[in-house]
Amino acid sequence: MQYAFVSDLHSHYKNTKKVLNHIEQIAPQAEIIGLGDLFECTIGKKKAKTIRNAKLKDAAIIEEKFMNLLTFPSIIGNQEERIALVTGDHRFLQYEEVREIEHATLIHGHQIEWDETYKPTFPQIKTPLLFFGHSHEAAIYINGQRQPVPYNIPLAIGQKPYQINVGAVVDNKEWCLYDSESMTVTFLQAQ
């Protein structure tokens, strides 16, 4: 089965539409799954510690045309958590924190421990593959070491352990195609 992973949309309508159109062209049969931060919280982390019961329009970028694009399941991201915290709107907590699919675990990435140089310490998982977002940088890690990301080239991953950051829709229109039958991962970018 093919899966198209998107992450870090941050309420960006144009880039999300471009990525979804690209997925439709490249892998129309793929199941699309979001890896969190679908929305953009407009209240920063520091202010969010004290703000409660904010109006949604004051706490997040929520546009109907963007919402209409969200026809796929997603993992929860830190943006959704913060929106729910400051508004009390529990709709943003409807998403799973972790999801397992064929040979893979899906998370957002804010659950990963990041050091001051933004080097990750990955959580223990039961599957060989970990797909995530959060840092806005497409990356593939082998034995904890970051490797260069080739675009448009299917990478044979077999059953080896890899950690894969699918990149960001908001900044680079990136997404990742995972084929669980051929055990390949392809990093892609919409134009």
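I am working from a predicted model.

**Aromatic pairs**

I looked up the ring pairs and found 13 of them. I opened Tyr 3 and Phe 5, which make a stacked pair. Their centres are 6.1 Å apart, with 10 degrees between the planes. Tyr 3 and Phe 5 are both buried.

I then turned to Phe 122 and Tyr 141. This pair is edge-to-face, at 5.1 Å centre to centre and 70 degrees between the planes. Which parts does the pair tie together? Phe 122 lies in the loop between strand 8 (120-121) and strand 9 (129-132), while Tyr 141 belongs to strand 10 (residues 139-142), so the pair joins parts that are 19 residues apart in sequence. Buried or exposed? I noted both Phe 122 and Tyr 141 as buried. They also share one aromatic cluster with Trp 114, Tyr 118 and Phe 132.

The charged end of Lys 65 sits over the ring of Tyr 13, 4.6 Å from the ring centre.

**Nonpolar cores**

I went to the largest nonpolar core next. It has 31 residues. Val 6, Leu 9, Phe 39 and Trp 175 have the most contacts inside it. Which elements each supply at least two residues of this core? I listed strand 1 (2-6), helix 1 (13-26), helix 5 (78-87) and strand 14 (174-179).

I followed up Phe 39, leaving aside its neighbours within four places in sequence. Its contacts include Ile 61, Ile 62, Phe 66, Met 67, Leu 70, Ile 83 and Phe 92. His 10, Ser 11, Gln 79 and Glu 80 are also among them.

Another core lies apart from the largest one. It has 22 residues, including Ile 75, Ala 104, Ala 138 and Ile 157.

**Salt bridges**

I searched the whole structure and got four salt bridges.

Lys 57 and Asp 58 meet through their side chains at 3.4 Å, N to O. Lys 57 is exposed at 64% relative accessible area. Asp 58 is partly exposed at 43%.

Asp 89 bridges to Arg 91, with the closest N and O atoms 2.5 Å apart.

Arg 146 and Glu 137 form a salt bridge at 3.0 Å, N to O. Arg 146 is partly exposed at 42%. Glu 137 is partly exposed at 40%.

Note on methods
Residues are numbered from 1 along each chain as its sequence is written. This is a predicted model: local features need pLDDT of at least 70, side-chain atom pairs count only at pLDDT 80 or more; totals for chains, interfaces and linings use all residues. Side-chain values use heavy atoms; hydrogens and water are left out. Rings of Phe, Tyr and Trp (its six-membered ring) pair if their centres lie within 6.5 Å; planes under 30 degrees apart count as stacked, over 60 as edge-to-face and the rest as tilted. Buried means under 20% relative accessible area, exposed over 50%, partly exposed in between (1.4 Å probe, protein chains only). Helices (H or I, at least four residues) and strands (E, at least two) are DSSP runs, numbered from the N terminus. A charge sits over a ring if NZ of Lys or CZ of Arg is within 6 Å of the ring centre and within 35 degrees of the ring normal. A nonpolar core is a set of buried Ala, Val, Leu, Ile, Met, Phe, Trp, Tyr and Cys residues joined through side-chain atoms within 4.5 Å. Contact means heavy atoms within 4.5 Å.
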